[in-house]
Amino acid sequence: MSSASLPRRIIVAISGASGAVYGVRLLQVLQGTPGVESHLVVSETGWRTLQYELAMERAGVQALAHQVHDARNVGAAIASGSFQCAGMVVAPCSMRTLAAVAHGLADNLLTRAADVMLKERRRLVLMVRETPLHLGHLRNMVSVTEMGAIVCPPLPAFYLRPASVAEIVDHGVARVLDLLDIPHHLAPRWEGLAAPALDSPDLL
């Protein structure tokens with residue numbers, strides 16, 4: 001099979017930060033996107049968060065991915081730079097995972113795969129979730145950015161006037177899909193504010 005006929009492989013990682021819904025929603029969208037093959041890796045705390053926040057068991061989450069990899073298996077295909085992959089998203093990304101990536105601690109398959117993205121100069125998107133942030137968090141964000149990763153906190157876009165949590169989540173996932181150059185129709189795009197009338201009292 002030629003490289004041109006291969007599906008676009010996207011690694012989706014779910015770590016233990018709050019916001020597991022972002023990873024699940026991303027998997028759902030990728031599952032229905034033609035020409036895309038998702039590879040899932042979840043940390044142990046990620047599994048706990050999925051169960052607590054979404055009441056999802058492992059089988060239900062795994063069914064959303066094309067392939068699933070055990071976070072303890074550092075010998076998996078996604079641990080190698082020879083694995084052809086278009087990008088990786090950590091959704092959500094805990095501060096522990098951020099720190100491991102920032103310092104090159106490839107101590108499990110999730111952080112090893114992220115390290116591979118950086119060394120191969122591929123797209124790595126980190127949906128970091130924490131507030132407030134101390135100086136160590138900020139420095140780690142600077143470090144991964146300097147190495148080529150994209151820090152993309154899932155912040156609500158209130159200018160789109162979301163009517164539900166689901167719309168807020170979809171907008172966050174939409175921003176990630178844009179960064180991966182994957183087409184979608186998850187959220188409306190900003191068309192700009194209408195220009196004020198020339199006779200508007202605010203202009204006088």
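Reply: Helices (H or I, at least four residues) and strands (E, at least two) are DSSP runs, numbered from the N terminus. This is a predicted model, where local features need pLDDT of at least 70, side-chain atom pairs count only at pLDDT 80 or more, and totals for chains, interfaces and linings use all residues. Residues are numbered from 1 along each chain as its sequence is written, and side-chain values use heavy atoms, leaving out hydrogens and water.

Start with the layout. The protein chain has seven helices and six strands. From the N terminus, their order is β-α-β-α-α-β-β-α-α-β-α-β-α. The radius of gyration, taken over C-alpha atoms, is 18 Å.

Now the backbone itself. Most residues other than glycine have a negative phi, and most peptide bonds are trans. Look for the exceptions.

Ala-55 is one of them. Its phi is positive, about 55°, although Ala-55 is not a glycine. Find Ala-55 in the loop between α2 (44-54) and α3 (58-62). Ala-55 is exposed, at 58% relative accessibility. (Exposed means over 50% relative accessible area, buried under 20%, partly exposed in between, with a 1.4 Å probe and protein chains only.)

Arg-161 also has a positive phi, near 55°, and is not a glycine. The loop between β6 (150-151) and α7 (165-179) holds Arg-161. Arg-161 is exposed too, at 74% relative accessibility.

Next come the cis peptide bonds. One joins Thr-131 to Pro-132, with omega near -10°. Pro-132 sits in the loop between β5 (123-128) and α6 (135-147). Another joins Ala-91 to Pro-92, with omega near 0°. Pro-92 belongs to strand β4 (residues 87-93).

Cys-93 is in no disulfide, and the nearest cysteine sulfur, in Cys-152, is 11 Å away. Cys-85 is buried as well, at 12% relative accessible area. The closest cysteine sulfur to that of Cys-85 is in Cys-93, 16 Å away, too far for a bond.

Note on methods
Disulfide = S-S within 2.5 Å. Rg over C-alpha atoms; globule rule 2.2 N^0.38 Å.
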